[in-house]
Every structure is written in C-alpha cells, then in structure tokens.
Amino acid sequence: MALDFDLIIINGCVVTEDAISEVDIAIKGEQISLLGPRGSFSNSTAGRTIDAEGGYVTPGGIDAHVHLEEPQLFGKGSSADTFETGTRSAICGGTTTIIAFAPQQRTEDSLLSTLEATHKKADGKCYTDFSFHLLVSNPSETALSEFTTLRERGISSLKIYMTYEALQLKDGQILDILLAAREHGITTLIHAENNDLMLWMTAQLEKRKMFQPRYHATSHPAMAEIEATYRAICLSEFIDVPILLVHISSPAAAAHIRSAQSRGLPVYAETCPQYLFLTKADLDKPGFEGAKCVCSPPPRENEQDQEGIWQGLEDGTFTVLSSDHCPFIYDDSETGKKTCITAEYPEGQFKYIPNGCPGVETRLPLAMSAKRLEMERFVEVTATNAAKLYGLYPRKGTISPGQSDADLVIWYPTGKLGSFALHNEMLHHNVDYTPYEWKPLTQWPRYTILRGTVMWDRDGEGLVGKAGQGTFLHRGTSSLKGALSTEPWDIRGF
C-alpha cells in the first residue's frame, strides 16, 4: 500500500520570514507537499512522523560565506576542512546549503578551469547542498568573457578583494568586473578594507617591535573598513549594479551602508558571529593563544561595537548573517595557525598568521541562543535573504508547499535544554578549537532535514546522513532589488 507522505512533522511552530504558524508539515519525496492546521494529517499514512513537541521549525540554514579546501592564499596556511568535513559540520549545526568559494589564482587566465577544479573537490562529497562563488583575482579579458558561461553553469555570484597582495584588485579592475556583472545579472561580493592603510599600520607596528597576535587588530583599524566600504558603494553606484559587502565588523561602516540603502541603492551587507560574540580582547591572550581569533576584519573594540552590529541585523541594514567559516588548525606548524612561529618570533608575527576562524556549525545555535532577533528576522538573515540574493528562492530559504525543498531544522522546545556551554568536542569540523569555547547556549538543532531526509538526529545517533547526499545547486539571478535602470550602462550619460 502506497504511503500518503514520506515524512510528517507535527506540533511545530513553523517559522518563515513572514509568520509563525502552528501547523503540521507533510513531505513527499524531496519537497514540502502540504501545510495544515495541527492534526490535519492524523489520518494520513507516512514513512515517519516526528513530533516537534512545540519547538520551532525553521527553513534549513543557508551559509553563503564558507571557505573549504582552498589553496594557500595567506602565507603557509591552508584550509583545515575539506568539502566533506566542512559540510558535515554544517549539517550538524542546522545548515543545509552552503555557498563556498572557487578561488582563481592570480596566474590563471580562466575562471572556468577554476570552477571545474572546485567541482572535483566537492562533487559526491558533501552532506549539504552546495554552490560556489567565483573568487576573481585576475579579471583578464578571457575571465570576463566567461561570465556568460558561468551563468549557464549555474553560477550567479562572484567575490573580489580590495586588499591582500595575492587577491587585491585596483579600482579600474573592480569597475571592469562590476560592469560585466551588471550585463550578466551577477551579484558581486566585496571584501572592503583599505590595503595601503593596513600596510602602513603594519610597518608602524613592526618599527616598534610589536609582533604578537593582538596587534593584528591594530593593523586592521576600523577606518580601513570604513573608507573601503564607502569607496565600494561609490563604485557600485557609478555602474548602477548590486553589491554585497561581506563580513562587516564596524558600526561606522554599517552606517555608510544604511545611508546608501536609504537612497534606494541596491547595496546589501553581511555580518558574522565573530562581530557579535568576540571583541579585540579575544586576540589579547597569553602567548600565541590570541591567534585563534585572528580573522579579517578583526573583532572590534568592545560591547558597544557588538551592539551596533546587532542593531544592524535588527533594523535590516544587514541582509544576511553568514559564518565566514575559514578554518585552520591551531596547533599545526605546517599548514595551521602556528606556521608563523619561529625561534626569533616565539609568539609569531601577526602579519603571517593565517586569517580566519571556524564557525559553520555554531552560526545558528549562537544566534538562536542570543535571543536578540525576532524569529521571523532570524529566518530572514540565516536563510531566506541568502536564497533570494543568490538565486535559490523559493526552492531554498522558505517553507512553501509545491515550491520548496524539504530543508528544515527542528529546534528544541523553549527551555528544554536549559543553559549549557559550547565546547569544541561537541563539533564536527576538522579543527582543534572553536573561538566560541565556553559561550553559553540554550539551543541546538534537534533534527536537520535535507530534501526530506533526516541528516542529523541529536537525541538519536547524531549524524545519520552520509557524505555525497548533498547536490550542486544551479542558481538563477537574485530576486532582490537590482540596478536602478533597466537600460544598459552608457558612458554617454556622463
């Protein structure tokens, strides 16, 4: 006898970006089939029924800023997580879709070869569904001519850097990319920091023999981000093209973004948990310990800066909350954080510390436990907006019958877990620390479901999904506000 549904979820508080509803969810195959008032499916047959016990049920998280299995771009450091271990960690933390980076080397002329190489690393190995942002470090004529083919192959976003010797583009190169992106409906992500200012600060610190990890934060002052953020907005306004400013850490930089948005510009922004839960003090630990929290931009001065970022999440300045998962093993002198330690510099040299922190698994539990965001807003910044911005909506990022994949997170009923401390031993990444050690939590995903299949069952066997169950996502264009004019960019307008 055929079953009516494959999976039914009962007694949940179902959250989308628009509403919280006490409804049951029926899943058939890989999609959301039906929603109905509690008890609607009591006479239906199903392969499995899960009782949410009054807990929240949210769309599977989308983490659109994840670094996995990347080549050495920052000194000797290289990614600790492969696509297998990184997505394993993601699924256990409630993230069902990641968008990782396919980094073009400066010496490479083509982006297509970069895409193919990254597919080989990811295909058949992921626990989550996945896609890629092309990271462009050499916008050659060949690379720019390949944007049409990238779109045909399901890529609708790319990332560029205004800093780092191996990746930095000049303003003219950025304009070339923005113009081509406008013509092809591609969203451009920008890492905005003023490179010359940071090099100058680094030289000033070194003159004073200041090499310890804590001085990484000093060498990346907020002003470097503030200036570059404003410059990136100016360049995007000049071309009339949407941009997404990644990992914003400074409330003053966020104010520039808010101002642009108030003028109707399609300027979007991302922030990350490290700017909500860490400060500059976390880099000022004994010996080399502060290197665990070295990332760029660095965590800012104090709780006032954290509060400014929270307010940006609450008021809509920030479109998405991503992890910027960029993992390096701490106790590793070959490819990890300790590659910069020598006999001459026993506490390392801050400028050579591999930049980045792990966080793909802790993003949702930290944000949920903080209880700062209304639940609809939590869903919006952790799933829905990323789906819209990166061409996945409504297949991903919402719970819509007949349209959405059955990607879901079932959380514990409020208060059931009490308060508990986060420890690295709880996590599933391939990293020997978490920067959020001892942070208090009150929530963790009870179940994570990917396209109708339970992948994570915390009260049961834990990780029950298999590597390779995730699939590549062919993405379309952003459904958020685009260029102000529908006409082609025309130099005669200036």
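A pocket, on a 1 Å grid over the protein atoms alone, is an open set of points with protein on both sides within 12 Å along at least five of seven lines, and its lining residues have an atom within 4 Å of a point. Keep that in mind for the first stop.

Before you click, note that this is a predicted model: local features need pLDDT of at least 70, side-chain atom pairs count only at pLDDT 80 or more, and totals for chains, interfaces and linings use all residues. Residues are numbered from 1 along each chain as its sequence is written, and side-chain values use heavy atoms, with hydrogens and water left out.

**Stop 1: the second largest pocket**

Select Tyr 56, Met 368, Lys 371, Met 375 and Thr 414. Of the 13 residues lining the second largest pocket, these lie nearest its centre. The pocket's volume is about 260 Å³; a volume here is the space filled by probe spheres set on the grid points, which are joined across faces, edges and corners. What classes of residue make up the lining? It has six nonpolar, five polar and two charged residues. (Ala, Val, Leu, Ile, Met, Phe, Trp, Tyr, Cys and Pro count as nonpolar, Asp, Glu, Lys and Arg as charged, and the others, Gly among them, as polar.)

**Stop 2: H12 and H13**

Now colour helix H12 (363–370) and helix H13 (375–389), which each supply at least two residues of that pocket's lining. Helices (H or I, at least four residues) and strands (E, at least two) are DSSP runs, numbered from the N terminus. H12 and H13 pack at an angle of about 160°, with their axes 11 Å apart. That makes H12 roughly antiparallel to H13. Axes are lines fitted to C-alpha atoms, for helices over the stretch in contact, and angles run from 0 to 180 degrees between N-to-C directions. Angles under 35 degrees count as roughly parallel, over 145 as roughly antiparallel, 65 to 115 as roughly perpendicular and the rest as oblique.

Show the side chains where they touch: Arg 363, Leu 364, Ala 367 and Met 368 on H12, with Met 375, Phe 378 and Thr 382 on H13. Contact means heavy atoms within 4.5 Å. Sorted by class, this contact has five nonpolar residues, one polar and one charged.

**Stop 3: H5 and H8**

Jump to helix H5 (residues 171–184) and helix H8 (residues 222–239), whose axes come within 10 Å and cross at roughly 45°. That makes H5 oblique to H8. From H5, pick Asp 171, Ile 174, Leu 175, Leu 178, Leu 179 and Arg 182; from H8, pick Arg 231, Leu 235, Ser 236, Phe 238 and Ile 239. These contact residues divide into seven nonpolar, one polar and three charged.

**Stop 4: the largest cavity**

Select His 67, Tyr 164, Ser 296, Asp 324 and Asn 355, the closest to the centre of the largest cavity among its 14 lining residues. A cavity is a set of grid points where a 1.4 Å probe fits but cannot get out. This one has a volume of about 110 Å³, and its lining has five nonpolar, seven polar and two charged residues.

**Stop 5: backbone details**

Stay with Ser 296: its peptide bond to Pro 297 is cis, with omega near -10°. Pro 297 sits in the loop between helix H10 (274–277) and helix H11 (303–315). Where is Pro 394? Look in the loop between H13 and strand E14 (408–411); the peptide bond from Tyr 393 to Pro 394 is cis, with omega near 5°.

Finish at Glu 53, in the loop between strand E4 (46–51) and strand E5 (56–59). Its phi is near 55°, a positive value in a residue other than glycine.
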